[in-house]
Each structure stands twice: as C-alpha cells, then as structure tokens.
Amino acid sequence: MSSGKAEVSPRVEKLLASMTPAEKIGQLIQYFYFQLPESDVDSGLPERQTDLVEQALAAGRAGSLLFVTDPATSNRLQRQAVAGSAHGIPVLFGFDVIHGLRTIFPVPIALAASWNPELIEQAQTVAAREARAVGIHWAFAPMVDIARDPRWGRMIEGAGEDPFLAAAVAAAQVRGFQGSHLGADEHIIAGPKHFAGYGAAVGGRDYDEVDLSDQELWNTYLPPFQAAIDAGAGNIMSAYMDLNGVPATGNRWLLHDVLREGLGFEGFVVSDANSARDLETHHFAADLPDAGVRALNAGLDLEMTIVEPAYGHLDEALADGRVDLERIDASVRRLLAVKEALGLLDNPFVDEDAARVTLADPAHRDAAREAAEGSAVLLRNEGDLLPLAATSVQKLAVIGPLADSKRDTLGPWIFDYDLEETVTVLDGIRSHLEQPTVEVTYAAGVPAFARKYPSMFDMWGDGSRADENADAEAELANAVRTATEADVAVVVIGERQDMIGEHASRASLDLPGNQLALLQAVVATGTPTVVVLLSGRPLDLRWAQENVPAILQVWYPGTRGGEAVANLLFGQAVPGGKLPFSWPRTAGQIPMHYAHTRSHSPENQGRRYWDEESTPLYPFGHGLSYATFEYANPSVSAASVGRDESVTVGVDVTNTSGQDGVEVAQLYLHQRYGSSSRPVRLLKGFQRVPVAAGQTIRVEFTISPAERRYWSSATRDWVLDATVFDVWVGTNSEAELHTEFTVQR
Ligand code: BGC
C-alpha cells in the first residue's frame, strides 16, 4: 500500500531551491491545448487558444498540458517547454484516458458490471500502454464518484451505486494505469476524481450543488477514493460543485482535513477544468486573483484551465502575503517529484515510430473484445431464447438505429478512436454468421435522432445529428417487413453516445427517438425478439420486461463490441456480468438504491407509491447466465466472535445446467441494532467463480472488522458495534439464503 507519494529526491530539492517564485508558480498551471479537428466548428473558445499556451510555455509559465494525443505534437511542445523553462523542466501531459485511447474498451460502468477486477486492471493496463506510447503521462481516471441518480449522465464513467464494489473497481483501475509503482514502464499516473460527492448533484443535474451528510460521505462516497489512494493513486482531481455550501475546489476541510489527514493522500491535487476560476463563479472568491489564493490555500496543487489561470496572479498574492512560499513549494515539490518518478527530467520525449506500433497491437483489440464479453449483462431470457442456435435460424433480422452506428458502439469520452476498425453489432453478427450461412437483413426502423440541446462535444463535431427529412413511416414499415420475414429479430436500441456522459443529464429514462414504438411494432409481428441495449444508464424497460423474451445489456461495448455481442448471442461467450446499480422502473423512483434503511411500515416497503411499485425493475447485482446456479449450505466459522475477529462464511454454488458458466457469488451483511440504524443490507463480499456444468464449488468469504465498521452520526465517529449480523449469500441483492453471527463486546 502506498499513499500516492512520489519520493522527493535530493535532485528535486536542489532544483526547487534554485527556482524563482515565478518559475515555481508556472509549474502549478496546467493548460488545455485544444486542437479541434474541424477548423470551422464554433467552439466558443478564445481565438488561437493554442497561441496562449505556447506563449506560456515560452515564458516558463506552464507545468502541465492536457489534450495532446499526437506524439509529434507532444515532442514539439515538450521542446518548447524545455527551452522556455530556466531549468529545462518538461511538462507533464494529462488526458482523459477513460476507457481506452486508440483501442476503445467498454465504458467504465460496463467494466464495473463485469465484477471482475482482473479484467478491469487488464483494460486499463492496455489503455496506459497506448497512452504512454503517445506521450501521455497521466489519466484523469478512474472516476470513482458513487452515482445513485441515473439522470446524472456521468454515472457512465463510474462503478455505480455501491461503495464496496466501487472500491474494488477503483483499486483495479489504479493498478492497471500505474502498474507496480509510480513511474513503472508503459504506465501512467492515475487520477481518481472528482473529490468529492460530485455524483450526488441535486436532481441529477450535472454540476449542481451537493448536500451530503457526514455519514453519507464517509460510508458511501469516500470509500472508493480511499481504495484508490491505498492502491497508490498519484493524483486526485477536485470537483466542480459546492459540497455542503463550500465549493469543492476551495474547500480546505475537504482537500486538507479529509483528503490529506483522513484518507492519507500524499500525491498532488489538480482542479477540474476551470474549477479554480469557478470559485469566482460560485460567488465564493471576490475575483480571479482571490480565486487562486483560496484554491491554493485550500490545498489545490495544480490548476487546470482553458483560459487565463487564477494561479497566474499568485505572484502578486505572494508579494503581499496572501499566500506563502512554503505553501507554493509544497505543491511544486509534489509535481517535480512526479516528473522525476516518470523519468521526464532525464528524457521527456517519445518515440513516434514505436507509438504507431503500440497503437496497432492486435492483442489490445482482443483484450477489448474479451472485456465486452465479460461486461454484458443478461437481464432477461424467457424460455431460453438465448443463445441463438445458428443452425436453426435461416434468416435473422437486425433492427434498430444503433445496430450499425460505429460511433455509438464506442460510447462517449473518447477522442482518438478509429472508426474504420470499429465493429458494430450488425458487422459482428454478419461476420459471425458467414459460416454457417444465415441470411442477415437490416433495417434502422427509426430516423436518426438527437438531443434536444447540443452536447459539449459538438465542438469536436462529435454530436448526434437528427435526420429531419427521413420518412419515419416508411422506415418503420420497412423494419416491420424485415422482422416479419425473419426467424429471429435482434433489436438494437438505447441512447446515442452523446446522450450520456458529462453535461448529459436527462429528465426522463424513456427510450429516445420513437424506439419504443419500433420495438412494439417488431414484437407485434410475432417473430421472437431479442433486445440488445446500448446505454450507460438504466432506461425505462417496463414494456420490454413484460413483452420481450430476451434482453441483453451491452452498454457501449467498444472497438470490438459487435464481435463480442455476436459471440454472446450465439453462445460462444456466456454472459456473466451483473448490474452495478438498481435498475428503476421509471424516473419517478429516482434515487433508488438497495442499501436503504428499514423504517415504519416495512411490510409496505414495496408499495410506498400508490401508482408504481417501490422496488426496482432489476435489483442491484442482477445478471443471468446461460447456465443456472443454486446456492446451498451456508455456514459461519463461528456463531459468535470478538469485535476484532473475522468470520468466514461458506456456501455451495452448484451449476444445475448443462452449460459451463461463471457466477458472481455475492455476500450481503445487515447489522440488526447498534449505534445507528444500518441499511437493510450491504454488499461486503463478491467472488467470480467459474462453475462447470453439474459441478458444485464451495465459496468462502471473510468478513473482517473492516467490513463491519462504519461512521455513525450518533457518535460522530467510526464505530464497531457489538451486535448480531444477518448474512445473505446468493446471486443478487435479493439473495435469500441466510445465516447469522454475533459480535461480542
Ligand atoms: C471533467 C473532468 C475532465 C476534465 C478534462 C472536465 O470537464 O469534469 O472529468 O477530466 O474536464 O477534460
């Protein structure tokens, strides 16, 4: 375990001692370097933003850049940085390496749905290798914000609603990005974000304020950060919003007391884009110079900005004593130590030819396909419609606007992808069925649709476009005809990639763009129908759940997604993913999470609304397989233990089918009484177990004091109660197989 600290060497101390205050301040500024692909797009950016950056480099007033993914540009800018810095200090290049660089992996919520830390670590290892090859030193990832409100588009970047799962996913991503230590070959720094509570934006509206109790913060929102820090993350990014009335980026309690003293973080903290400048927008800082002072004094090391930095005014603040040199030195030291750990002080340049080879590595594409297979969640499979038997299908209809959209197959938050090599669901099914020969037909079914308000990525020309001139009736009729003539219809629907992500909150969970009507029309033909869903948030599937036999959630599956989907549909891969969130029936139920507390009239829990059930459509942890599993014989190693002792829970998992499969066995814990009322159940263990057809495997979970400890609003501290614990083990958060144990004083 480490705390993200890059060791400070005598070389760094010597360098620091020789720098002027102005040079030091320059090290604390990070600029976007925006090279937009289309010169005519209206970006809203100041004219020649890149000139501003190059002037800063020439003056030694930039310590870091972001958004450079071309190795030749990286080398060119690096040369400018070295020449502009009195001590030849290179810049650190950061970037949003969220789910791959050139090889696009399934989106982060999908990777979380694999419940497979090794697979997740592997994905980010590949991403790190590609990023490092082109000159990127640091990923603004993983996003470890807990999300319990699917209106918030950024839930796609995280690991869902649960702190225990999210902590495991966070640690795996940090290991993948960073490797064995800060500065490991072919690896980059991980930057967990956004510190902290950003996922709890009021109304699910991105950037809106957040009000979180201390118990929510410590028990639910901070554990993934703690796990990422314990795994050695070198950086943390601050958040945009107010947390309990104080902007996160200017919040000394948060950035110092909680992050440094509470969680033990020793790496460097970066602002979110322009969020130090935003301290003025928040009506917290008096003006831009004050914003810089407040951010620095709160504990922010590096300011990320698109335009004039607030830290550009720190020279005056230093001169008149609003900040002190010691505070500046502490931040500069952290950044120099990172540059040294990455070897940049010796050689900051990249090998452009080697980068090309790394980006083309076929092993990376295979890893992406495996990740897509491992993260799909089979939500429903009535009458075992799936897997499809290629031998009994003569004609297969692929229908839906997302079936053949390369860009939508990849998902949001990517910039360096290659559409040429992207495999859509339609492509994947077509090539899968070349042998034996099945006729594959295709109809989009609905005209191209788009957001009502444009996405922030429109400036890259990367937003969805609606087709206003299309003949919607003719498209639908064509889809109905195509379905009628086929033996099976695979309907590929969901949200377009820019309908989810940053700045992509939604007020409803409906299938956009008439897709529900399309689905209903296809099902009405009587042709057996499979829904393949592309989304990063739960959508309203109430009608589908009642009327469509098979539903496979494939998220945005990435570069080789279509191939993975074909393998899953035809049984060459067996679905094993599980939901990392509770899937609401309708937006009116939001927020909805399984770990609620028990309260008055619990027998009515499922009927709190008079017009809809209070339960989710699919519970947290749900996911079917082509195999079936049964759980039996739960045991505890001791009926009663001391407070410092662990308990081992065992259970038999039997594969009762004729198909091999992998089950994610889950353990939930409930504390019956104590200092606080505790949630009805909490995930406290999970294990992926391959179980061959007919086989039984004994699975064991250890419940240590760490899993029983929590922060109580009653004592305003961490507690470990002497009490009785209920334990459930099974296939999802509604598991019923029960045992219990007592913890003595
Ligand atoms: C996002 C961050 C991201 C940064 C840099 C911001 O808008 O909130 O998550 O890392 O931009 O692209």
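How do the residues of the lining of the second largest pocket divide into nonpolar, polar and charged? In this predicted model, the lining comprises 9 nonpolar, 10 polar and 5 charged residues. The briefing below covers that pocket and then selected salt bridges.

**Second largest pocket**

- The second largest pocket holds about 670 Å³ of space.
- Its lining consists of 24 residues, of which Y594, H596, Q605, T615 and V680 are the closest to the centre of the pocket.

**Salt bridge between R61 and D315**

- The model has 43 salt bridges, one of which joins R61 to D315 with the closest N and O atoms 2.8 Å apart.
- R61 belongs to the loop between α3 (49-58) and β2 (64-66), whereas D315 belongs to helix α13 (residues 314-319), so the pair ties together parts that are 254 residues apart in sequence.
- R61 has a relative accessible area of 18% and is therefore buried, as the limit for that class is under 20%.
- D315, with a relative accessible area of 26%, is partly exposed.

**Salt bridge between R154 and E157**

- A salt bridge with an N to O distance of 2.7 Å brings together the side chains of R154 and E157.
- Both of these residues, R154 and E157, are buried.

- The closest N and O atoms of the salt bridge between R369 and E563 are 3.7 Å apart.
- This pair links distant parts of the chain, with R369 in helix α16 (residues 362-375) and E563 in helix α22 (residues 561-569), 194 residues apart.
- R369 is buried at a relative accessible area of 16%, while E563 is partly exposed at 27%.
- A network of salt bridges links D366, R369, E373, R560 and E563.

Methods: Residues are numbered from 1 along each chain as its sequence is written. This is a predicted model: local features need pLDDT of at least 70, side-chain atom pairs count only at pLDDT 80 or more; totals for chains, interfaces and linings use all residues. Side-chain values use heavy atoms; hydrogens and water are left out. On a 1 Å grid over the protein atoms alone, a cavity is a set of points where a 1.4 Å probe fits but cannot get out, and a pocket is an open set with protein on both sides within 12 Å along at least five of seven lines; lining residues have an atom within 4 Å of a point. Grid points are joined across faces, edges and corners, and a volume is the space filled by probe spheres set on the points. Ala, Val, Leu, Ile, Met, Phe, Trp, Tyr, Cys and Pro count as nonpolar, Asp, Glu, Lys and Arg as charged, and the others, Gly among them, as polar. A salt bridge is a side-chain nitrogen of Lys or Arg within 4 Å of a carboxyl oxygen of Asp or Glu. Helices (H or I, at least four residues) and strands (E, at least two) are DSSP runs, numbered from the N terminus. Buried means under 20% relative accessible area, exposed over 50%, partly exposed in between (1.4 Å probe, protein chains only).
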